[in-house]
Amino acid sequence: MQIEMHNIYKAFGQNKVLEGVHFSLEAGEIHALMGENGAGKSTLMNILTGLHKQDQGTIKINSTETSFKDSKEAEESGMAFIRQELNIWPEMTVLENLFIGREMSNPFGVLKNKQMKACAKEIFKTLNISLPFDKEAGLCSVGEQQMIEIAKALMTDAEVIIMDEPTAALTDREIEKLFEVMKGLTNKGVSLVYISHRMEEIFAICDRITVMRDGKTVDTKRIADTNFDEVVQKMVGRELEDRFPHREANPGDIVLDVKGLTKKGLFEDIHFAVRQGEIVGVAGLMGAGRTEIMRALFGVDQIDSGEITIEGKKVSIRKPTDAVRHGLAFITENRKEEGLILDFSVRENIGLPNLKSFAPSGIVKTEDEINFAEMMIKRLHVKTSSAETIIGNLSGGNQQKVVIAKWIGTSPKVLIMDEPTRGIDVGAKREIYELMNELTERGIAVIMVSSELPEIMGMSDRILVVHEGEIAGELLKQEATQEKIMALATGGN
Amino acid sequence: MKLEATGKSGIWQKFGPLLALVLLFIVITVLNPSFMEPNNILNLLRQTSINALIAFGMTFIILTGGIDLSVGSILALSSALMAGMMVSGLDPILAILVGILLGAIMGVINGILVSKGKMAPFIVTLATMTIFRGLTLVYTDGKPITGIGDSEMFQMLGRGYFLGLPVPAVVMVIAFFILWFLLHKTSFGRKTYAIGGNERASRISGIKVDRVKVAIYGLAGTMAAIAGAILTSRLNSAQPTAGQSYEMDAIAAVVLGGTSLSGGKGRLFGTLVGVLIIGTLNNGMNLLGVSSFYQQVVKGAVILIAVLLDRKKS
């Protein structure tokens, strides 16, 4: 399938999202679509897949002008869109998820489970994955859920598959597998649109790249004819300094000391200490237990045994309130589910953990809160029209900054950040790194869980590697290499 | 993306119910001008006050995504206990205060079962609704409690006037302003919305979700007991079957006022308007001589239409 989108315009109310975008897709190519959050990538793809209708412009498919009534019609014409927020029914099994809305049944509506299983087996074989069909999808890892989505797309005989940040939550092994599958698909003539912020991947797998900025196409190039720096520059519209800011660590006293933290079946005998002004990176494969350790440390989940000492005092953390009281702050990996109240304004979200300081007597001093929110918005460069904007309307990077703003206000001693830059564009990432530097300069200790090795190595002063619920090793910044971390993370040495 | 703020609620959520109320006023007045007579309006306010008090408490609960079916039974039980205390010679004012405190405790029990017991509010309050009603029947032996004395202060509560306004209506207005302030100006109110909007994120933000919930259910119990005191005074007795199905009128008022049953969205002013819509319907249809059987049909239909409009316009 060959697609030509010409001079596309789209506005939502006053908000002009696309202003004259050109995009083309050849049969059997992998086409990277890049741009900062809010550049209009998702809107463009939503138009292509029939969810939205363009205000102006034409879409030609195999040289015939086409417009889809709705996403169903687009799907029938061979378009599939695998979104960042996966379409998974967590209480249903893998098999049920694969066939949702497309169940095979006899004329009386009785499901043909055997046939569905056979069909699913076939698809899993092409994808080279194995997942028990009876497993509840909610119990699968994010990586596995992603594979379910891809399998679903393949079952619709899609000729164009759009993937939005497909690797954000995948382990390296799963990414490799995904790339193999993608290559295989292109050989069969399937075209792929690959939306990602991960430059390495784009250069590894894509044929062409289109960069968007502020609702316009900046450029389309063959991957072979461009390079990392050029792409980044086009994306942000200015020269970008290094990906990671310069970092000078001055670790102080030990602020958090964890001994023998254990939760059966998830992690065992976890020891580590964090000093003031230090960034400790926590690396490991997905499902190794990194997030679980942090959740237990913060009191979201209960530990079976272990000892937590903060500034030399033994503390008991049984619920998040305890953790906050003892000076911990937690930026979770899923900001929409656990980080933000999406119906609240930016101001109200920032205010939430800080209510005590705005409402010492219980009455919220709105003026103080507005001032504080506006100061945070300025300091963290949150792009929002005002502090009263509903947070759900902001881009991912800006939402993440608000989550951080929430916690900075509580003046934490230890800030736990789980995947702090997931799904965020290069420019915003750098801003978040700079913020981390600023925080550690003020003596805050940061624990950063991340699946992105460059980030771990670029920002951490010390790296803990978790493997199957245990700390497999500790590396200093100077001695850390990707290879060493991966070796520890996979159980080697 | 620079999307403009849409606000907590659309135009319909804000002004739709109010518009419907005004329309209702006009229609009924055209059909029967005596509706607008001051006496009838005061009467209307007195009639709505009990539902209003219960619905105000219910608003907080529904904003957290919960529900309380037991408010009618709390009203009955606290009313019976108040009357019992008065019959046994306790000072009426003290009896009322103790009765309200007991209502608060019943609400707190609901709250503890919901938050600490991690049970669905619907189930918990369905059970306590039955339990509290049963206790009322046990305590009253199924018979009304009468002979609760002639304290003027107590009689004022349900039947008196203050500056020309019925006392129950005055209580309603005062309660509205206090609770409005609590919901929209205090950290407690903010936490109420936060829990309804995203309970997990609220917990991780360090909000004592359980404690807030217990307080909210306690508040609902308190409001039901205050309504109970007014009803007891008005009837000059405690009825074992008092307050039956009052929870439904309260929920209907909250929903009519544009508060979302899934929590996180809604306003107390909306509930006030919702209460007045239901009260106006009742009062107006009585004036127009509509059979009470049809009145129920109309009330149900109005709720459906309101929610339908809410869906379409938002």
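This is a predicted model: local features need pLDDT of at least 70, side-chain atom pairs count only at pLDDT 80 or more; totals for chains, interfaces and linings use all residues.
Helix 10 of chain B, residues 209-235, takes part in two helix contacts described here. One partner is helix 7 of chain B, which spans residues 167-185. The axes of helix 7 and helix 10 of chain B lie 11 Å apart. They pack at an angle of about 170°. An angle over 145 degrees counts as roughly antiparallel. Helix 7 and helix 10 of chain B are therefore roughly antiparallel to each other. Helix 7 of chain B contributes Pro168(B), Val171(B), Ala175(B), Leu179(B) and Leu182(B) to the contact. From helix 10 of chain B come Leu219(B), Met223(B), Ile226(B) and Ile230(B). In an α-helix, residues three or four places apart point the same way, because there are 3.6 residues a turn.

The other partner is helix 8 of chain B, residues 187-197. Its axis and that of helix 10 of chain B come within 10 Å. The crossing angle is roughly 105°. Helix 8 of chain B is thus roughly perpendicular to helix 10 of chain B. On the helix 8 side of chain B, Phe188(B), Lys191(B), Thr192(B) and Ile195(B) make the contact. On the helix 10 side of chain B, the residues are Val209(B), Val212(B), Lys213(B), Ala215(B) and Ile216(B).

Asp55(A) sits in the loop between helix 1 (41-48) and strand 4 (56-61) of chain A, while Lys10(A) belongs to strand 1 (residues 3-12) of chain A, so the pair ties together parts 45 residues apart in sequence. Asp55(A) is partly exposed, at 46% relative accessibility. Lys10(A) is buried, at 11%.

In chain B, the side chains of Asp210(B) and Lys116(B) form a salt bridge of 3.5 Å, N to O. Asp210(B) is in helix 10 of chain B and Lys116(B) is in the loop between helix 4 (92-115) and helix 5 (121-140) of chain B, so this pair links parts 94 residues apart in sequence. Asp210(B) is buried, with a relative accessible area of 14%. Lys116(B) is exposed, at 57% relative accessibility.

Another salt bridge pairs Arg222(A) with Asp225(A). Their closest N and O atoms are 3.5 Å apart. Asp225(A) is partly exposed, with a relative accessible area of 49%. Salt bridges also form a network of Arg347(A), Glu348(A), Glu369(A), Glu388(A) and Arg190(B). This network includes residues from chain A and from chain B.

Burial is marked in helix 9 of chain A, residues 290-297. Seven of its eight residues are buried. They are Arg290(A), Thr291(A), Ile293(A), Met294(A), Arg295(A), Ala296(A) and Leu297(A). Gly299(A) follows the helix, with a positive phi near 85°. Glu149(A), in helix 5 (residues 142-155) of chain A, is also buried, at 8% relative accessibility. Beyond its neighbours within four places in sequence, Glu149(A) touches Ile82(A), Leu86(A), Asn87(A) and Ile88(A).

A nonpolar patch lies on the surface of chain B. Leu23(B), Val27(B), Leu31(B), Leu287(B) and Leu288(B) form the patch. Together they have about 440 Å² of accessible area. Helix 1 of chain B, residues 11-31, supplies the largest share, three residues. Leu287(B) comes from helix 12 (residues 268-287) of chain B. Leu287(B) is partly exposed, with a relative accessible area of 32%.

Most residues other than glycine have a negative phi. Glu468(A), which is not a glycine, has a positive phi of about 45°. Glu468(A) lies in the loop between strand 19 (462-467) and strand 20 (470-476) of chain A. At 65% relative accessibility, Glu468(A) is exposed. Asp141(B), also a residue other than glycine, has a positive phi near 60°. Its place is the loop between helix 5 and helix 6 (152-159) of chain B. Asp141(B) is exposed as well, at 55% relative accessibility.

Technical notes. Residues are numbered from 1 along each chain as its sequence is written. Chains are lettered from A and ligands numbered from 1 in the order in which they are written. Side-chain values use heavy atoms; hydrogens and water are left out. Patches are made of residues with over 30% relative accessible area and no salt bridge: like charges are joined within 9 Å, nonpolar side chains (Val, Leu, Ile, Met, Phe, Trp, Tyr) within 5 Å. Accessible areas come from the Shrake-Rupley method with a 1.4 Å probe; for residues, only the protein chains shown count as cover. A salt bridge is a side-chain nitrogen of Lys or Arg within 4 Å of a carboxyl oxygen of Asp or Glu. Helices (H or I, at least four residues) and strands (E, at least two) are DSSP runs, numbered from the N terminus. Buried means under 20% relative accessible area, exposed over 50%, partly exposed in between (1.4 Å probe, protein chains only). Axes are lines fitted to C-alpha atoms, for helices over the stretch in contact, and angles run from 0 to 180 degrees between N-to-C directions. Angles under 35 degrees count as roughly parallel, over 145 as roughly antiparallel, 65 to 115 as roughly perpendicular and the rest as oblique. Contact means heavy atoms within 4.5 Å.
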